[in-house]
Amino acid sequence: MRRQMNLISRASLLPRISWHAGLVAKRAMGSEKDPITFDCIPEDRFCEVIEHLRKNFFCDEPLNSAVGLCPVPGAPHAELEKMSLSTMKQGLSVMALMGESPGRVVGVALNGVTRPGDLEVAERQLALSPDPKFRSIFSLLNEANRKLSLYERYNVDSIFELRIVSVDSSTRGRGLAQQLLKKSEEVARNNGYHLLKADTTGKYSQRMAAQGGLETVYTVMYDSYKDSEGKVIFNTSPPHDSLKIMVKKL
Ligand SMILES: CC(C)(COP(=O)(O)OP(=O)(O)OC[C@H]1O[C@@H](n2cnc3c(N)ncnc32)[C@H](O)[C@@H]1OP(=O)(O)O)[C@@H](O)C(=O)NCCC(=O)NCCS
């Protein structure tokens with residue numbers, strides 16, 4: 001029952017067409033011909049979202065790009081897709097759509113909730129991953145999160161995580177990520193979460209998060225993160241120089 005009510009509040013939160021969305025479209029596209037709207041991600045659009053991620057996130061996210069996780073745009077990645085799908089199934093994710101209904105997916109924020117103990121489960125699963133590049137990325141993220149005692153520090157028993165933010169390469173730099181963060185924060189508040197967290201791996205997502213009021217609680221500079229032989233593991237392209245774990249109390 002509680003679950004159903006949450007779904008209803010999420011659905012009513014993000015109207016398909018709104019004056020506000022029209023304003024965003026104007027700023028984002030410079031014309032009203034291609035309106036942008038924001039909505040929850042329903043199950044029948046999961047495949048489209050995965051397609052979007054293959055073309056825009058798997059190859060372009062700074063750590064993925066540094067290790068060459070998916071060098072060919074559009075290429076699949078089984079584990080990233082599994083992770084994305086299980087996050088979308090939590091029903092807290094948001095998409096940006098361009099054009100008249102049903103619209104084209106041009107951006108997503110995949111949001112999920114973590115609770116004490118989840119990190120240990122994720123670490124055990126990661127150890128079974130056959131892809132060393134994937135393991136290296138999530139080892140960094142898991143290690144950094146393990147060092148923080150966010151549940152105790154903020155006195156919460158769950159954390160609303162912005163896990164993946166991705167915008168179509170043709171519509172970047174126009175405020176869509178900031179809008180996706182804003183909508184995600186609304187979803188978090190409407191569902192009763194008190195801490196929003198993002199593991200930001202590049203300069204642009206760090207700016208997006210700072211703009212949205214998140215504060216940095218932990219930083220790893222990539223040039224100081226080395227393997228046992230002293231070799232830098234992530235040679236990211238400028239201006240992406242660090243991982244920042246950023247949070248906002250809601
Ligand atoms: C990161 C990403 C989601 C940003 O999406 P976006 O819609 O272009 O971001 P926004 O337009 O909302 O801009 C967010 C901030 O980054 C800045 N920014 C975005 N692209 C920029 C660019 N190419 N050059 C300089 N600054 C840029 C914006 O100016 C803004 O900062 P400001 O508020 O201080 O001005 C997008 O670049 C992307 O999908 N990248 C690949 C996947 C990825 O890296 N995801 C994040 C991983 S944590």
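Because the model is predicted, local features are reported only where pLDDT is at least 70 and side-chain atom pairs only at pLDDT 80 or more, whereas totals for chains, interfaces and linings use all residues. Residue numbers start from 1 along each chain as its sequence is written.

The protein contains 10 helices and 7 strands, where helices (H or I, at least four residues) and strands (E, at least two) are DSSP runs numbered from the N terminus. Of its 250 residues, 39% are buried. A residue is classed as buried if 20 or more other C-beta atoms lie within 10 Å of its own, as exposed if 12 or fewer do, and as partly exposed in between, with C-beta atoms placed from the backbone. Contacts are assigned where the C-beta atoms of two residues, placed from the backbone, lie within 7 Å. Among contacts between residues at least 6 apart in sequence, 69% join residues at least 24 apart.

Strand E5 (residues 195–200) is largely enclosed by the rest of the structure, since 6 of its 6 residues are buried. In a regular strand the side chains alternate between the two faces of the sheet. In E5, Leu195, Lys197 and Asp199 point one way, while Leu196, Ala198 and Thr200 point the other way, and all are buried. Strands are taken as paired if DSSP finds at least two bridges between them. E4 and E5 run parallel and are joined by 3 bridges, with Leu162 opposite Ala198 of E5. E5 and E7 run antiparallel and are joined by 6 bridges; Lys197 has Val247 of E7 as its bridge partner. Strand E6 (residues 215–221) is likewise antiparallel to E7, through 6 bridges, and Thr219 stands opposite Lys244 of E7. E7 itself is mostly covered, with 6 of its 8 residues buried.

Helix H7 comprises 16 residues (132–147), and at 1.5 Å a residue it should span 22 Å, in agreement with the 22 Å between its end C-alpha atoms; the expected span is 1.5 Å times one less than the number of residues. Phe134, Ile137, Phe138 and Asn145 are the buried residues of H7. These residues cover an arc of only 85 degrees around the axis, and therefore lie on the same side of H7; the arc is that of the directions from the helix axis to the C-beta atoms. The buried residues of H7 pack against helix H4 (62–67), helix H5 (78–88), helix H6 (118–127) and strand E7 (242–249). Turned away from the buried side is a face that carries the exposed residues Pro132, Glu143, Arg146 and Lys147.

Pro35 lies in the loop between helix H2 (19–29) and strand E1 (36–40). Pro35 is classed as buried because 21 other C-beta atoms lie within 10 Å. Although Pro35 and Met98 are 63 residues apart in sequence, their C-alpha atoms are 5.7 Å apart in space. Asn155, in the loop between helix H8 (150–154) and E4, counts as exposed because it has 10 C-beta neighbours inside 10 Å.

Most residues other than glycine have a negative phi, and most peptide bonds are trans. Asn155, which is not a glycine, has a positive phi of about 55 degrees. The peptide bond from Ser101 to Pro102 is cis, with omega near 10 degrees, and Pro102 is placed in the loop between strand E2 (94–98) and strand E3 (104–114). A cis peptide bond also links Pro238 to Pro239, with omega near 5 degrees; Pro239 belongs to the loop between E6 and E7.
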